[in-house]
Amino acid sequence: MIAKAQIEDRYKTVFESQPTHIVRSPGRINVIGEHTDYNEGFVLPTAIDKAIYVGVGKREDDLIRLYAEDFKAYFEISLNDIRPVDEGWPNYILGVVNQLKERQAHIGGFNMYIDGDVPLGAGLSSSAALECAAGYALNTLFDLQIERVEIAKIGQLAEHTYAGVKCGIMDQFASVMSKAGHVVKLDCRDLSFSYKPLELGDYAILLLNTNVKHSLASSAYNDRREACESGVALVRKEYPEVNSLRDVSVAMLDALVKPVNEDMYTKCRFVVEENQRLNAACDALESGDLEELGRQMFRAHDGLSKEYEVSCKELDFLVDYVKSFPEVLGARMMGGGFGGCTINLVKKSFQDLLIERLAPIYKEKFDLELTAIKVVPSNGTELL
Ligand code: GLA
């Protein structure tokens with residue numbers, strides 16, 4: 001948590017004026033349902049108690065002035081000159097501004113101060129949190145009357161156009177729409193959703209951060225998306241009513257994709273089965289069967305690692321290691337993959353012992369720190 005007063009103070013120092021609004025937009029976890037969102041499938045995310053915070057205020061001119069606390073860096077550009085820039089981090093905000101301009105929204109120059117406590121590159125969607133914080137703050141500052149779900153979509157398009165990742169809607173939706181103590185079951189086909197209480201009794205969600213970030217992750221992500229789309233195109237030759245992997249069965253894949261491209265088949269089948277696992281996990285959560293929920297998580301990891309091939313040796317090691325403890329009901333890699341965190345369903349009383357045992361072994365094996373993150377399911381984007 002970062003206090004509102006701290007953001008206000010820093011804004012004042014950095015811009016020598018008063019911020020009009022302070023917005024908090026959180027990072028997210030996802031219990032199960034990975035790489036399903038861009039295939040019109042289901043996901044089960046929620047926001048966490050780690051967030052991006054922005055302070056905003058209007059300017060008299062048409063400049064956009066940004067300050068990122070993490071990098072101790074300013075960035076400045078004219079509103080009329082919006083384009084992707086080499087600096088990297090401003091793109092998440094400029095991408096949002098660009099989307100607002102495409103929608104003919106009336107915005108003027110502004111200052112934005114950015115801070116946060118979402119670990120970067122940990123697969124907790126700090127970029128989506130930043131996009132949504134920026135979208136929500138500008139919506140409020142310029143009184144644009146944009147709906148919450150629309151803010152999530154603006155964030156997603158900013159990511160496509162200014163960050164080059166053809167992501168699904170999960171991260172932005174979770175950041176904007178989550179409700180404390182609940183997960184969101186989101187149908188990515190029509191964005192209908194329901195909140196499900198995350199009641200884990202003696203168990204808790206524990207994240208273990210590999211502290212690995214592979215630079216190829218975004219191109220591999222886009223490749224996976226293409227493989228899914230090519231699979232759908234093959235199925236459509238026979239079933240023109242099919243729009244996405246959501247409409248596809250394993251039998252269709254067996255008949256139409258397997259004979260053409262075995263690898264594409266394996267990727268598509270993973271997505272179809274991941275939706276089935278998510279539904280089984282939801283039933284388990286509803287009936288309080290945490291063992292079954294955990295089993296679905298382990299199975300999901302197997303698929304992500306061996307079939308969809310988006311894991312890495314560090315993630316695989318962490319999941320394998322915790323499997324031997326009866327106090328850990330489930331674990332899997334989370335998010336896009338190739339690094340970041342595993343999500344673990346662990347007995348509360350065992351969490352510290354697990355971290356104590358695992359951290360030195362991990363360090364010895366990979367020469368990397370293992371960071372444990374305890375998270376609390378939290379509310380989505382809000383004005384402070
Ligand atoms: C990233 C993307 C999401 C989603 C996940 C994988 O986090 O931003 O849209 O596709 O990967 O489930």
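These legends accompany several close-up views of one predicted model.

The model is a prediction, in which local features need pLDDT of at least 70 and side-chain atom pairs count only at pLDDT 80 or more, while totals for chains, interfaces and linings use all residues. Residues are numbered from 1 along each chain as its sequence is written, and side-chain values use heavy atoms, with hydrogens and water left out.

**View 1. Domain 1 and domain 2 in contact.** Let's start with the overall division: residues 4-197 form domain 1 and residues 203-375 form domain 2, with bounds from an automatic or database domain assignment. Their centres, taken over C-alpha atoms, are 25 Å apart. Domain 1 brings 37 residues to the contact and domain 2 brings 45, where contact means heavy atoms within 4.5 Å. About 3,200 Å² is buried between the two domains, and carbon and sulfur atoms give 62% of this area. Buried area here is the accessible area (1.4 Å probe) that two parts lose on being put together, summed over both. Look for I32, E34 and H35, which supply 21% of the area that domain 1 buries against domain 2, more than any other three residues.

**View 2. Polar and charged pairs across the domain interface.** Four salt bridges cross between domain 1 and domain 2, each a side-chain nitrogen of Lys or Arg within 4 Å of a carboxyl oxygen of Asp or Glu. E34 also forms a salt bridge with R332, with 2.8 Å between the closest N and O atoms.

**View 3. Residues around the ligand.** Here you can find R28, E34, H35, D37, Y38, C167, G168, M170, D171, Y221, G335 and G336 around the ligand, each with a heavy atom within 4 Å of it. Ligand oxygen atoms lie 3.1 Å from a side-chain N or O atom of R28, 2.9 Å from a polar backbone atom of G168 and 2.6 Å from a side-chain N or O atom of D171.

**View 4. A salt bridge between R65 and E76.** The side chains of R65 and E76 meet with an N to O distance of 2.8 Å. R65 lies in strand β4 (residues 63-68) and E76 in strand β5 (residues 73-78), so this pair ties together parts that are 11 residues apart in sequence. Helices (H or I, at least four residues) and strands (E, at least two) are DSSP runs, numbered from the N terminus.

**View 5. R269 and its contacts.** Helix α8 (residues 262-286) holds R269. Leaving aside residues up to four places away in sequence, R269 touches V250, L253 and E307. L253 is 16 residues from R269 in sequence, and their C-alpha atoms are 7.1 Å apart.

Key. Polar contact = N/O pair within 3.5 Å; in protein donor to acceptor, adjacent residues only side chain to side chain.
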